[in-house]
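Please look over the sequence and the structure shown here before reading on. The report that accompanies them is arranged by type of side-chain interaction.

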Amino acid sequence: MRDERGIVKAFVAICVAAAWSWWPVPAPAQLVQGIPRSPIGPTVYTGDRVPEDFYVMPWIAGGVVYDDNVFFQIQGRKQDDVFLRITPGLQASYQSTRFTIVGNYRFDSEVYHKFTELNSAQMRQFGTVETRWRPSTSWNIGGTVGYAQTNTPFELNVLTSAQAARFRSERYFINPTAEYRLDALTRLRGEYAFSRDIFAGQIETDANIITLGAERRIGAHDTLGPGYIGRYFTFNIDPNSTFFVPGQPSNFLSNAIVLSWGHEFSADTRLDLRAGPRLTEGKLDDRPEAFVGLRRRIPNGELAIGYTSAVTTIVGTVGGTQADTLTVSLSYEPIRHLTFTVAPNASWISNSGFNSTIYTGYIEAAYQLNKYFTAKGSAYFSYQEGDFSTIGGGPSTNIVIARNVYWLRLEFTYPSRWE
């Protein structure tokens, strides 16, 4: 067996979001509704010297969770419980200079104290296969295929964190990408994303998203280029559905032409802007397609602030939903092996059938006991107010869904290289 510390570093060097585990913290530049990232993030190599080898990393976490709103009910009807959660996971990969493939799979088993009818050996499961291929120095080709199944579908609302009811939901996802460098200063990029969401076996949503862009380095600190984002959503409702379904089930089509600009203030600070008009069904939207992101490395940590204005889908509803999302994330390591993560977010969502405001926050402290064990404590807060609800019944003018979750756990990871 070779040096295991080196293997650990190879797996976690660029794993920024691993500490957030399965919580659906919005990604600032998120354009597609993908699969929540694995707690074990794959390394993306950008250099030309990569050790060609097979790796395997089993992972397991166990802990106690307190949820003060188990059924995502409105104010005055909340019910709480304490439960045990065990999460086994596995990552296996082959890595080389030209080709890398990484597979991740994990699931949650939960045992409840009061609501024993919720006990499940597979409360949720996520699986992904990610590939990266460099056929030449000019080309980068990649892709992700994923599957998710969960009984708490708010986890799949990656951009908005909209709180839906507790029903079985599934997502099938595929996301191929390609990048071509014309020269040292210019690159072209294309991306396609398809996802299919199935909510309670009665509501089905297909999302097709195409993203095209060109980028040219202008000077030592700036990049500039045009882009295109096209979205096509379709919806299907079981005619025997027992749910009140917010929104209009007609097909949704939008096209946006954007201009992107990136500026490096220093080696530690970067600003990215993307904005342009968006047409929906041939009519100009009242809001542009937009993204603003500021990222800064600070001593022993990193700070990121982002704003996204986009159209997305929400599990359990139909129709395109305008989402304006503000995200902040801070990670800080005051002493070696102790890391704090803070991530407050706000989303304003608007659909033909509802309008709501959603505030969420995530706080975590993680202490690495040794190279195998990490102790973590985290809290997740959500407050949602408006007329959005997939709980059932009919529309309402003011629905408040507040939820607080606290989680204490111990994680064990064992990396190894196949000889």
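## Basis of the model

This is a predicted model, in which local features need pLDDT of at least 70 and side-chain atom pairs count only at pLDDT 80 or more, while totals for chains, interfaces and linings use all residues. Residues are numbered from 1 along each chain as its sequence is written, and side-chain values use heavy atoms, with hydrogens and water left out.

## Aromatic pairs

A pair of aromatic rings is described by the distance of the centres and the angle of the planes. Here rings of Phe, Tyr and Trp (its six-membered ring) are paired if their centres lie within 6.5 Å, and planes under 30 degrees apart count as stacked, over 60 as edge-to-face and the rest as tilted. The count by this rule is 16 aromatic pairs. In one of these, the ring centres of Phe71 and Phe115 are 5.0 Å apart and the planes stand at 85 degrees, so the pair is edge-to-face. Phe71 belongs to the loop between strand 1 (53-67) and strand 2 (81-95), and Phe115 to the loop between strand 3 (99-112) and strand 4 (120-133), so the pair ties together parts that are 44 residues apart in sequence; strands, like helices, are DSSP runs numbered from the N terminus (E, at least two residues, for strands; H or I, at least four, for helices). Phe115 counts as buried at 13% relative accessibility, where buried means under 20% relative accessible area, exposed over 50% and partly exposed in between (1.4 Å probe, protein chains only).

Tyr105 and Phe107 form an aromatic pair that is tilted, with 6.1 Å from centre to centre and 45 degrees between the planes. Tyr105 is partly exposed, with a relative accessible area of 36%, and Phe107 also counts as partly exposed, at 22% relative accessibility. Elsewhere, Tyr372, Phe373, Phe412 and Tyr414 are linked into a cluster by ring pairs.

## Charges over a ring

A charge sits over a ring if NZ of Lys or CZ of Arg is within 6 Å of the ring centre and within 35 degrees of the ring normal. The ring of Trp407 has the charged end of Arg85 over it, 4.7 Å from the ring centre, and the charged end of Arg409 also sits over the ring of Trp407, 3.8 Å from its centre.

## Salt bridges

The structure holds 29 salt bridges, a salt bridge being a side-chain nitrogen of Lys or Arg within 4 Å of a carboxyl oxygen of Asp or Glu. In one of them the side chains of Lys78 and Asp68 meet at 3.2 Å, N to O. Both Lys78 and Asp68 lie in the loop between strand 1 and strand 2, so the pair ties together parts that are 10 residues apart in sequence. Lys78 counts as partly exposed at 31% relative accessibility, whereas Asp68 is buried, with a relative accessible area of 12%.

Glu170 forms a salt bridge with Arg168, in which the closest N and O atoms are 3.7 Å apart; Glu170 counts as buried at 16% relative accessibility and Arg168 as partly exposed at 43%. The side chains of Glu215 and Arg187 meet in a salt bridge as well (3.0 Å, N to O). Glu215 lies in strand 8 (residues 203-218) and Arg187 in strand 7 (residues 186-199), so the pair ties together parts that are 28 residues apart in sequence. Glu215 is partly exposed, with a relative accessible area of 27%, and for Arg187, also partly exposed, the value is 27%.

## Positive phi angles

Most residues other than glycine have a negative phi, and most peptide bonds are trans. Glu281 has a positive phi, near 50 degrees; Glu281 lies in the loop between strand 12 (278-280) and strand 13 (283-284) and is partly exposed, with a relative accessible area of 48%. Asn300, with a positive phi near 65 degrees, lies in the loop between strand 14 (289-298) and strand 15 (301-312).

Val400 is found in strand 20 (residues 399-413) and is buried, with a relative accessible area of 14%. Leaving aside its neighbours within four places in sequence, Val400 is in contact (heavy atoms within 4.5 Å) with Gln73, Ile74, Gln75, Tyr383, Gln384 and Glu385. The C-alpha atoms of Val400 and Glu385 are separated by 4.5 Å, although the two residues are 15 residues apart along the chain.
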